[in-house]
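Please look over the sequence and the model shown here before turning to the points below.

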Amino acid sequence: VTQNFPDFLDDYFAECEEHLAGVRRLLLALEGSVGQADINRPVLDELFRHFHSLKGISGMVELRQAEDLAHRLEDYLRALRQGSAILSADGIDALLDGTMMLEQVIGVRRSGGTFPDGAVVAARIATLLKAPTAASIDTPNRSHGVARQSAATRWRCTFVPSAELVVRGIRVDTVRERLASAGQILDAVPRVTANGSIVFDFVLAAELDIDVAASWAADGIQVERIEADAPAPAAPFPADPAEPDRTSSGAAATSHFVRVDLARLDELMRNVGDLVISRARLADTLSRAEGHIPAGEWRAVQENAIAIDRQLRTLREGIMRVRLVPVGEIFRRMPFVVRDLARETGKRVRMDLQGQSTEIDKFLIERMMDPVLHLVRNAVSHGIETAEERVAAGKRPEGTIVLSAATAGDIVCIDIADDGRGVDPDEVIARAHAAGLALPPGAPDAATLLSLLCAPGFSTRDETDRASGRGIGMSVVLAAVEELSGTLRLETEKGTGTRFVIELPVTLAITDALIATVAGETFAVPQGAVREVVEIPVDALLQVERNEMMPYRGGALPVMRLSRMFGLPDSSRDRLHLFVVGVAGAAVGIAVDRIVGQREIVVRAIVDSLVKVDGISGATDLGDGHVVLILDPAKLARQMRERPDRLIAAAKGATA
Amino acid sequence: MPRILIVDDSPTIRKMVRASLRALESFDFVEAANGLEAIEQVAIGPVALMILDLNMPDMHGVDVLKFLRRHPGSRGVPVVVLTTRGDDSSRETAIAAGATEYMTKPFVPHALLSAARELLGGASE
């Protein structure tokens with residue numbers, strides 16, 4: 001229990017996340033320096049500072065295990081900085097393992113569980129510190145990074161800070177950023193002038209436009225050229241060529257960021273949601289008032305309504321953007337997982353990350369972490385073969401896993417692909433048999449394989465179970481994806497590789513939906529889930545055993561009539577409208593009476609478990625005072641494919 | 001209102017320091033995340049008390065102290081160095097560079113508060 005600062009745990013966790021993200025990034029950069037005497041000094045310094053900060057704040061919240069671990073790691077880094085130790089393969093392993101353990105300790109403090117035993121890491125580092133090193137004998141150039149000689153002209157930029165400038169947002173940090181974007185800062189020091197005031201002197205190597213430089217005078221920055229024969233100053237902050245991500249390095253770039261509690265953004269989003277509903281109400285009222293308003297006035301009213309619409313959409317998109325974080329946040333830890341697991345299983349695996357800057361909702365990121373982790377672990381344990389097997393199959397001994405993300409419109413696509421052995425359909429079928437799962441006739445396609453892999457009770461090999469992810473199976477992966485209104489797809493070819501594709505809406509709270517009616521009741525269907533809308537005569541439906549099928553692109557799809565699902569009378573019309581939902585092999589047609597339009601809807605989750613029905617994801621208010629149920633097409637499609645009779649019976653029971 | 005300057009690269013620690021000194025109601029609190037920002041605050045207005053971390057990016061706390069003691073306007077500003085245990089710089093280094101008080105993190109809130117009260121003297125009443 002934190003006695004002194006009980007209210008700061010959230011701040012602590014948030015800051016830990018930042019430090020750990022930094023550590024992961026830097027460790028990856030450091031991995032290339034194993035065995036070299038000349039380690040990138042800025043990388044070491046920054047890494048050291050992250051551990052130092054972790055130690056400091058962990059001590060403040062009295063998380064001794066984390067404090068101690070960070071302290072050990074810091075010790076090793078200090079030895080590296082001083083040249084009394086050399087970065088060995090064991091050393092980087094200890095740093096990686098220590099970091100993972102630190103992360104676990106913080107995770108346990110946050111969510112409960114058993115603390116891992118840090119003594120192992122401590123002992124390893126103690127051994128490393130004792131090991132004699134070549135570096136301790138001869139370390140001529142290690143003490144400081146050497147500034148690259150820049151051919152650019154040098155300038156002395158003097159900044160005179162003042163309260164007036166601070167009010168205008170011009171501070172020493174923003175000035176430093178401005179200079180850094182113009183060139184390379186070679187030096188930055190404060191100076192006391194003759195009259196006792198304080199100024200900052202920067203030495204900048206840059207090709208400066210003299211007019212631009214002159215314009216800086218208004219912001220308190222005086223620029224003068226340093227003649228070539230003037231002595232070059234030392235370089236306390238050499239730019240780092242190996243630095244992968246400038247914006248997150250050092251303090252210079254951080255001053256523009258504000259940390260916001262996610263709950264506050266949720267609150268804002270709810271407010272915008274209310275606004276969307278009010279706007280819909282207004283539209284409803286206006287449509288009824290149309291006849292009573294003179295035509296001239298009516299046009300003005302409509303123009304205003306359209307402007308509000310547009311502004312509301314801009315506001316909504318703006319708030320959504322604020323919630324977006326780069327997917328790299330979850331990607332960056334994957335190489336560690338892969339590395340660790342590869343070592344454990346004796347395989348050779350390379351990991352490629354692509355599209356790390358793709359942005360998705362913070363809420364989604366947190367919930368996608370475990371599923372992506374699971375799929376990546378699966379790729380190592382089940383997908384990639386041993387080096388010998390690969391060579392025998394004519395492949396390179398090293399397997400590759402590509403983890404990529406991309407956005408297309410309102411959809412984010414996360415793709416986990418390996419060049420391993422692929423999913424063997426015969427093996428899956430044999431295991432499905434053993435597990436007593438029902439099998440469709442004929443050779444299974446990818447969608448069928450996926451649904452078998454994701455069926456609860458489909459067990460995998462024991463030894464890889466442990467490795468494949470903290471007790472969550474494919475069924476949990478699928479459930480997590482579907483809970484976020486996403487879809488999971490499998491592409492695989494035996495001997496060539498496996499690819500899992502997760503598609504998610506970028507954000508959840510407000511979405512475009514198609515509005516449909518069934519026997520006078522109204523439902524909303526999220527538009528992202530609908531592949532196609534078709535209209536067919538009722539008598540074109542085929543009866544196959546107890547199920548109705550519809551002809552579709554030369555084949556047939558099972559049809560689910562919403563009227564039957566909810567115990568409502570069938571339409572008396574002779575034509576049906578159908579939403580085609582679900583992916584290729586697992587698509588179904590959801591039949592409604594009419595499609596009445598397309599609307600922006602505010603999704604409200606149904607929390608009352610008495611009202612919770614599978615296939616319904618929430619409720620919304622269309623603005624006319626009616627609460628409308630939102631269908632969850634992915635879940636409906638899956639259940640329809642699996643157990644059509646049971647689903648319908650269950651749904652009838654729930655609504656009866 | 002006179003100002004208390006909190007210098008630490010950790011936002012969590014800055015918040016904790018601020019909370020510990022909450023009882024000092026007649027002061028404005030300002031924060032700086034690195035040495036240059038700290039010196040900027042000193043440049044733009046008087047500071048009644050500074051709480052200073054040592055191990056910070058770009059400019060070490062000891063260098064901040066040395067600079068302050070060279071600056072006529074802030075030579076007399078009391079500075080509490082608040083540094084993480086096992087830091088590279090010892091109490092002696094910090095005091096020699098001009099620290100008025102030296103405390104280590106983890107710190108106890110009321111200890112920091114009473115140190116601050118003492119250094120502020122009558123001004124904190």
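This is a predicted model: local features need pLDDT of at least 70, side-chain atom pairs count only at pLDDT 80 or more; totals for chains, interfaces and linings use all residues.

The points that follow are grouped by topic.

**Chain B as a whole**

- Chain B contains 5 helices and 5 strands, and from the N terminus on these elements follow the order β-α-β-α-β-α-β-α-β-α.
- Chain B has 125 residues, of which 62% count as buried.
- When contacts in chain B between residues at least 6 apart in sequence are considered, 64% of them join residues at least 24 apart.

**The interface of chain B and chain A**

- At this interface, 36 residues of chain B are in contact with 40 residues of chain A.
- Between them, the two chains bury about 3200 Å², and carbon and sulfur atoms account for 65% of that area.
- On the side of chain B, the residues that lose the most area to chain A are B:Met16, B:Leu36 and B:Glu40, which together make up 19% of what that side buries.
- The rule finds 1 salt bridge across the interface; in a salt bridge, the side chain of A:Asp11 meets that of B:Lys15, at 2.9 Å from N to O.
- Polar contacts between chain B and chain A number 7 residue pairs, with both residues at pLDDT 80 or more.
- Helix 1 (11–20), helix 2 (35–44) and helix 3 (61–70) of chain B are the elements that give two or more residues to the side touching chain A.
- Sorted by class, that side of chain B has 18 nonpolar, 8 polar and 10 charged residues.

**Helix 4 of chain A**

- Helix 4 of chain A spans residues 89–111, a total of 23 residues.
- From its first C-alpha to its last, helix 4 of chain A reaches 33 Å, close to the 33 Å expected at 1.5 Å a residue.
- A:Gly112 follows helix 4 of chain A and has a positive phi, near 90°.

**Helix 8 of chain A**

- Helix 8 of chain A covers residues 210–215 and includes A:Ser215.
- A:Ser215 has a relative accessible area of 45% and is therefore partly exposed.
- A polar atom of the side chain of A:Ser215 lies 2.5 Å from the backbone oxygen of A:Val212.

**Helix 16 of chain A**

- Within helix 16 of chain A (residues 446–453), the buried residues are A:Thr448, A:Leu449, A:Leu450, A:Leu452 and A:Leu453.
- The cover over these buried residues includes helix 15 (425–434) and helix 18 (474–483) of chain A, together with strand 10 (487–493) and strand 11 (497–505) of chain A.

Definitions and conventions
Residues are numbered from 1 along each chain as its sequence is written. Chains are lettered from A and ligands numbered from 1 in the order in which they are written. Side-chain values use heavy atoms; hydrogens and water are left out. Buried means under 20% relative accessible area, exposed over 50%, partly exposed in between (1.4 Å probe, protein chains only). Helices (H or I, at least four residues) and strands (E, at least two) are DSSP runs, numbered from the N terminus. Contact means heavy atoms within 4.5 Å. Buried area is the accessible area (1.4 Å probe) that two parts lose on being put together, summed over both. A salt bridge is a side-chain nitrogen of Lys or Arg within 4 Å of a carboxyl oxygen of Asp or Glu. A polar contact is a pair of N or O atoms within 3.5 Å; within protein, one must be able to donate a hydrogen and the other to accept it, and residues adjacent in sequence count only if both atoms are side-chain atoms. Ala, Val, Leu, Ile, Met, Phe, Trp, Tyr, Cys and Pro count as nonpolar, Asp, Glu, Lys and Arg as charged, and the others, Gly among them, as polar. The expected span of a helix is 1.5 Å times one less than its number of residues.
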